[in-house]
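User: I have a model open and want to go through some side-chain details. Can we start with the rings?

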Amino acid sequence: MSYVESDRKRRWLAGTAVLAVVALFAVELFFPESPVSELVRIVDANYVRSVLRLAVPIAFAALGGIFAEKSGVINIGLEGLLIISAFTSIAVAGTIGGADPTQLHLWVGFVAAVLASVLFALLFAVVCIEFKADQIIAGLAVWLIALGLAPFASKVIWGQVNSPPVATLGSFDFGFIEVSPPVVMMLVSVPAAWYVLNRTAFGRWIEASGENPKALDTVGVDVRKVRYSGVLLSGFFSGLGGAGLALGRVGQFIGGGATMVNGRGWIGITAYLFGNYNPLGAFGASFLFASLDALQIRLQQLGYSIPSELIGIIPYVTVIVVLAFVGRTRIPDAAGDHYESGEE
C-alpha cells in the first residue's frame, strides 16, 4: 500500500467516523424511543469527561513517542515509562503525606514522577545513542524492568503490589464540564507540540535528525544533542501521562498483572502511527480509543447482558482493525539508525 493510498484511506476512515456520529444523532432526533437512541444518550458531559481522563496516558505517551521517533530514536519503552511514573507519583505522595496527603503532597509526587520518567528515558538514550544498542531491544528492556521493578518496590513499601488509595488532584470547573489538571495539560500540550514540531527551528532539527542526520550535521547542528532532546521529551510526556493516570484519575498504584497502565503505552504507539506522527492526529486517535474504552465501561454500568470480558476487548480489537485498515505509515527514514558525527 503506497503512502498516498494509506493517507487516502485514513481520511476516508475519519470521514466515515464523522458520518456515523451524525447518523446516530439523527436517529436520536427522529426516533427517540429506539434502542440506538438509548445508546446515543450515553454521550453526555460525564461521558466526555470520562473520555478525556482515559485519553490522558495514551495521548501523552503518543506525544512522547512522536518526539523520540521523529528525532531518529524508536522508543517502544513508553509503557514502562508510564508504569514508573505512575508508581513514583503514588509512592512519593504517600511517603511525604502519609495516609492523607494534601494537594501540595500530590503535586510533589507528580513532579517526582515526571523526573523519574525522564531519568529512565535518559538511561535509555545513553544506551541507544552512546553504546549504539538495538533500540527495539532496549525499549523492551525498559518495559520489562518497569514491569518487574514497580510491583517489587510496592511490596517493599506497602507489603503488597497495590498501594493504599490516596486522594486525587483537584479539578477545574469550567461550568459545562469539570476536568482534572492532567486533562488541561493534555489539551494544552497537543497544540503546543504541533507548534514546536512545525513552526520552530527545534522542530526542524528534530525532523532532520530522523530523516537525514548527515545533512543536519553538515550545517553544524549536533545530532546527538537533538536525539537526546527527543528521547528526554518522550520521558517528560510519558511522566505526565503516568502521573496523570495515577493522581488524576485512579488515586492508587495497582501493580498486579499488566499493572494499572494495562497496555496504554502500546496503544499510544498505535495512536501516533495512526496519526502519522502529527500531534493533532495522534490526539484524535487517542480520543477514539478512549471513547471506546469509556463506552465499554458505560455499557457494563447500564447492565447490558454482554459478557464483560467481551466488551473489555473492544478497544483492543479496534486497534487491530484500524492498523489493518490504515496500513503503512511513513516512518522517518533514519529512525532506528545509529549516527556518528562526521560519518559518510
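User: How many aromatic pairs are there?
Analyst: The structure holds 10 aromatic pairs, counting rings of Phe, Tyr and Trp (its six-membered ring) with centres within 6.5 Å; planes under 30 degrees apart are stacked, over 60 edge-to-face and the rest tilted. This is a predicted model, where local features need pLDDT of at least 70 and side-chain atom pairs count only at pLDDT 80 or more, while totals for chains, interfaces and linings use all residues. Residues are numbered from 1 along each chain as its sequence is written, and side-chain values use heavy atoms, with hydrogens and water left out.

User: What about Phe 60 and Phe 237, which type of pair is that?
Analyst: Stacked, at 6.3 Å centre to centre with 20° between the planes. Phe 60 is in helix α3 (residues 45-70) and Phe 237 in helix α10 (residues 223-250), 177 residues apart. Helices here are DSSP runs of H or I, at least four residues, numbered from the N terminus.

User: Are those two buried or exposed?
Analyst: Both Phe 60 and Phe 237 are buried, meaning under 20% relative accessible area with a 1.4 Å probe, protein chains only.

User: Which residues cluster with them through ring pairs?
Analyst: Phe 67 and Phe 236 join Phe 60 and Phe 237 in a cluster linked by ring pairs.

User: Switching to Gln 135. Where is it?
Analyst: Gln 135 is in helix α6 (residues 135-158). Its relative accessibility is 5%, so Gln 135 counts as buried.

User: What does its side chain reach at 2.8 Å?
Analyst: The backbone nitrogen of Ile 74.

Notes:
Helices (H or I, at least four residues) and strands (E, at least two) are DSSP runs, numbered from the N terminus. Buried means under 20% relative accessible area, exposed over 50%, partly exposed in between (1.4 Å probe, protein chains only). A polar contact is a pair of N or O atoms within 3.5 Å; within protein, one must be able to donate a hydrogen and the other to accept it, and residues adjacent in sequence count only if both atoms are side-chain atoms.
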